[in-house]
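Subject: Structure handover

Hello,

Here is the structure for you to look through. My notes on it follow below.

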Amino acid sequence: MTTTVPPREVALLRLVAQRVAGPPFPDAAAAVRGLLAVQAQDLPGALTSVALRTADRARAGVDAALESGDVVRSWPMRGTLHLTPAADLPWMLDLLGSRALAGAAKRREVVGLTLDDLERSRGVAVGALSGGRRLGRRELLTTLADGGCDVAGQKGYHTLWYLSQTGTLVLGPPEAGDQAFVLLEEWIPEPRRLAREEALAELALRYFRGHGPATVADLVRWGGTTVRDARAGLALVRDRLAAVDADGTEMYLDPETPDRLAACRAEAEGLHLLPGFDEVVLGYADRTCTVPAEHADRIVPGGNGVFRPTVVTGGCAVGTWRWTGTGARRAVVAEPFTAFPDGVAERVPELAARLP
């Protein structure tokens with residue numbers, strides 16, 4: 001049976017599905033497994049996004065998951081950096097990476113690289129990292145250059161992206177505020193390898209459980225997959241999901257999410273500060289239940305692709321926030337889209353100070 005719900009209820013259900021409200025995940029590895037992938041081109045923001053969904057709300061726990069190898073960072077889908085469970089990355093690259101690689105030839109032409117250039121870099125990288133060695137981004141680029149590889153300008157970024165996209169490199173352990181590159185086959189000794197049909201089912205099930213209520217179009221946008229593949233995956237797991245109807249659109253979710261919301265509705269409706277690029281905002285093709293369309297440009301000014309941190313109350317973004325200054329002069333600035341509801345502005349500094 002499909003239950004009819006208003007858009008505001010969809011927003012609250014999403015907060016609970018993602019564990020921003022309600023019982024948190026026990027640790028960082030569980031949080032990343034629960035969401036399958038967490039947008040992570042802004043690494044500090046991604047660490048905070050994961051930590052605020054965990055029981056101890058500590059970024060140290062996310063660093064520990066990266067150091068242990070339970071969580072890694074790579075380009076599993078849409079050519080965009082994400083944190084993923086280490087064991088899941090290989091099948092995600094197999095399933096979703098081909099679409100990103102399809103457009104790589106044109107990019108290689110623009111930056112001036114050939115496949116032979118990239119294979120030469122692969123050989124140098126494997127030689128430098130074999131045996132459990134790890135190198136930061138700058139160190140690895142220097143090593144590639146010393147090995148006769150042209151990594152000047154955008155060639156360096158594209159090379160690291162390509163070698164990661166094709167399963168040789170992965171960003172693993174913390175390294176001076178970033179992460180070190182390691183060899184995927186050494187860092188992920190027990191990868192999950194799924195047949196295509198299994199992978200489509202796994203992608204759909206875990207996306208809808210960790211992000212739902214969401215639509216097929218949301219899955220297509222999030223995973224960078226095709227409508228046909230998204231529908232095929234959903235068909236394989238439909239009997240393990242619930243559905244709601246929001247303004248005539250069918251959405252899918254974990255059957256337990258509505259009961260979890262009922263148990264923590266006051267918390268879900270309360271005030272939340274989210275980092276930029278958080279999955280609550282970026283995890284959907286249609287995010288209007290959380291970010292009103294008329295205010296979307298306030299979160300991504302000029303459509304520049306840089307998502308600002310948001311102030312959320314009642315399930316809806318009502319403004320943005322940011323830190324200014326350093327040391328004793330550090331302060332949080334919150335900017336409402338129109339006017340903050342009563343009491344919100346006063347609580348923002350307190351919540352910002354408590355963020356992981």
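Is tyrosine 157 buried, partly exposed or exposed? Tyrosine 157 has a relative accessible area of 39%, so it is partly exposed; buried means under 20%, exposed over 50% and partly exposed in between, with a 1.4 Å probe and protein chains only.

Before the rest, two remarks on how to read the values. This is a predicted model, in which local features need pLDDT of at least 70 and side-chain atom pairs count only at pLDDT 80 or more, while totals for chains, interfaces and linings use all residues. Residues are numbered from 1 along each chain as its sequence is written, and side-chain values use heavy atoms, with hydrogens and water left out.

Aromatic rings

A pair of aromatic rings is described by the distance of the centres and the angle of the planes. Rings of Phe, Tyr and Trp (its six-membered ring) pair if their centres lie within 6.5 Å; planes under 30 degrees apart count as stacked, over 60 as edge-to-face and the rest as tilted. Six aromatic pairs turn up in a search of the whole structure. One of them joins tryptophan 75 and tyrosine 157: the planes stand at 90 degrees with the ring centres 6.0 Å apart, so this pair is edge-to-face. Because tryptophan 75 belongs to strand E3 (residues 71–77) and tyrosine 157 to helix H9 (residues 154–165), the pair ties together parts that are 82 residues apart in sequence. Helices (H or I, at least four residues) and strands (E, at least two) are DSSP runs, numbered from the N terminus. Tryptophan 75 is buried, at 1% relative accessibility.

Phenylalanine 277 and phenylalanine 307 have ring centres 5.8 Å apart and planes at 55 degrees, so that pair is tilted. Phenylalanine 277 is buried at 12% relative accessibility, and phenylalanine 307 is buried at 14%. Elsewhere, Tyr207, Phe208, Trp222 and Tyr252 are linked by ring pairs into a cluster.

Glutamine 165 and helix H9

Glutamine 165 is also located in helix H9. Its relative accessible area is 3%, so glutamine 165 is buried. Leaving aside residues up to four places away in sequence, glutamine 165 touches Trp75, Gly79, Leu93, Gly97, Ala100 and Leu101, where contact means heavy atoms within 4.5 Å.

Helix H9 packs against helix H7 (residues 115–129) at an angle of about 75 degrees, with the axes 10 Å apart. Axes are lines fitted to C-alpha atoms, for helices over the stretch in contact, and angles run from 0 to 180 degrees between N-to-C directions. H7 is therefore roughly perpendicular to H9 (65 to 115 degrees; under 35 is roughly parallel, over 145 roughly antiparallel and the rest oblique). The residues in contact include Leu115 and Leu118 of H7 and His158 and Tyr162 of H9.

Strands

What is the strand order of the open sheet of three strands? The order is E1-E7-E8, with mixed pairing; two strands pair if DSSP finds at least two bridges between them. Strand E1 (3–4) and strand E8 (249–253) are the edge strands, each pairing on one side only. Strand E7 (residues 242–246) runs antiparallel to E8, over five bridges, and alanine 243 has tyrosine 252 in E8 as its bridge partner.

E9 and E10 are antiparallel too, joined by four bridges, and leucine 271 stands opposite threonine 313 in E10. From E9, Leu271 and Leu273 point one way and His272 and Leu274 the other, and all are buried.

Regards
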